[in-house]
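Colleague: I have a few questions about this one. Can we go through it together?
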Amino acid sequence: MNKKRLLFPALLLIAIAVFAEESITTLRPNQAITEEAEPPSMANVVNTDIRQERNYPMQPPVIPHKIRNYQVDLNTNKCMSCHSRERTQASQAPMVSVTHFMDRDGNFRAEISPRRYFCLQCHVTQTDSPPMGKNQFKDMYEVIETNKN
Amino acid sequence: MWNKIKHYWQLLWHPSIHFSLGFLTIGGFIAGIIFWGGFNTAMEFTNTETFCIGCHEMRDNVYNELQNTIHFSNRSGVRAKCSDCHVPHDWTDKIARKMQASKEVWGKLFGTINTREKFLNKRRELAEHEWARLKANDSLECRNCHNFDYMDFTAQSQRAAQQHSTALASGEKTCIDCHKGIAHELPDMSGVEGW
């Protein structure tokens, strides 16, 4: 009776172990656990200076230029040396939109809101690496089209 | 004793008896070279990075920060040393700068920046000296490596080419006006032009 009781949990454990092993191997494709995987080469940051299409109107646009060593901290905000209202003429960069001046109560302030100070929370650069997975994102118009039928 | 001194003093101002004029001229000339060379060698040593980062103020603050930047490690393998950006190559400018730098050594001796905190408090002032210097000499040290005449705008990014072909080309702005903080972290920039 003791043995029978043990059988089920034992089988369960083995099953988990097998599944776990499998999920590990899919993360390390065709790689023995004892071997070091060959890392892919480092990708370069896209620096084309061509503004990218947004997927929906509220999307923070991606950064089309390199930002290596751009300092954003308590002392200074390098991004704002080009993207602030006063600097756009000299830098020819698009001004941060008016939503960046809004505090959480919806009031527009003279300076950008502290909520928008750390630009990289929302805006990111892109690299020239191939996508890791398939993108299943559908544009709004596409969704509307498919729902019509 | 006094007599002896008097004797040598007089000897100094009398024509030489023992040495020929030729010996004296050539000897003096060689001694001059040795002295001059030694002086310049000593000067050269103060230009080396080992000297600059010999004190922990520089090693722990500015040198540490430099290591993350493009001027320390890049695809071309050209490495900018402290003196490349901070010491003028022209000799008179160099001496003038050394005299100024002595003040910083003074600062070290009396511990005005001997902790990270004190250094950061002083950073805006130190940075402003450097900006003023580079502004006054039209970013001479940058131009020793980066020559405007040989910049290929077509090879630059659009943002760079746009600024270089306008504000820089017209002489309205110089490198340091737009490229502050390329080698070290910046202090509080409030009130600085262009920020």
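**Binding site and interface**

Modeller: B:H184 is partly exposed, with 25% relative accessible area. This is a predicted model.

Colleague: Why does B:H184 count as partly exposed?

Modeller: Because its relative accessible area is 25%, and partly exposed covers what lies between under 20% for buried and over 50% for exposed.

Colleague: Where is B:H184 in chain B, and what does B:H184 touch?

Modeller: B:H184 sits in the segment after α10 (175–178). Leaving out residues up to four places away in sequence, B:H184 touches B:V62, B:E65, B:H86 and B:R123. Its side chain also reaches the backbone oxygen of B:V62 at 3.4 Å.

Colleague: Which residues does UniProt list for "binding site"?

Modeller: The unreviewed UniProt entry lists B:C85, B:H86 and B:H184. They are spread over 100 residues of sequence but cluster in space, with a largest C-alpha distance of 12.7 Å.

Colleague: And where is B:C85?

Modeller: B:C85 is in helix α5 (residues 82–86) of chain B. B:C85 is partly exposed at 28% relative accessibility. Beyond its neighbours within four places in sequence, B:C85 is in contact with B:R133 and B:E141.

Colleague: Switching to the interface. How much area is buried between chain A and chain B?

Modeller: About 1400 Å², with carbon and sulfur atoms giving 39% of that. On the chain A side, A:D49, A:R68 and A:N75 supply 32% of the area buried against chain B, more than any other three residues.

Colleague: How many salt bridges across it?

Modeller: One. The side chains of A:D49 and B:R159 form a salt bridge at 3.6 Å, N to O. The side of chain A touching chain B has two nonpolar, eleven polar and five charged residues.

Definitions and conventions
Residues are numbered from 1 along each chain as its sequence is written. Chains are lettered from A and ligands numbered from 1 in the order in which they are written. This is a predicted model: local features need pLDDT of at least 70, side-chain atom pairs count only at pLDDT 80 or more; totals for chains, interfaces and linings use all residues. Side-chain values use heavy atoms; hydrogens and water are left out. UniProt positions are given in the numbering used here, feature names are shortened, and annotations may be inferred rather than shown by experiment. Helices (H or I, at least four residues) and strands (E, at least two) are DSSP runs, numbered from the N terminus. Buried means under 20% relative accessible area, exposed over 50%, partly exposed in between (1.4 Å probe, protein chains only). Contact means heavy atoms within 4.5 Å. A polar contact is a pair of N or O atoms within 3.5 Å; within protein, one must be able to donate a hydrogen and the other to accept it, and residues adjacent in sequence count only if both atoms are side-chain atoms. Buried area is the accessible area (1.4 Å probe) that two parts lose on being put together, summed over both. A salt bridge is a side-chain nitrogen of Lys or Arg within 4 Å of a carboxyl oxygen of Asp or Glu. Ala, Val, Leu, Ile, Met, Phe, Trp, Tyr, Cys and Pro count as nonpolar, Asp, Glu, Lys and Arg as charged, and the others, Gly among them, as polar.
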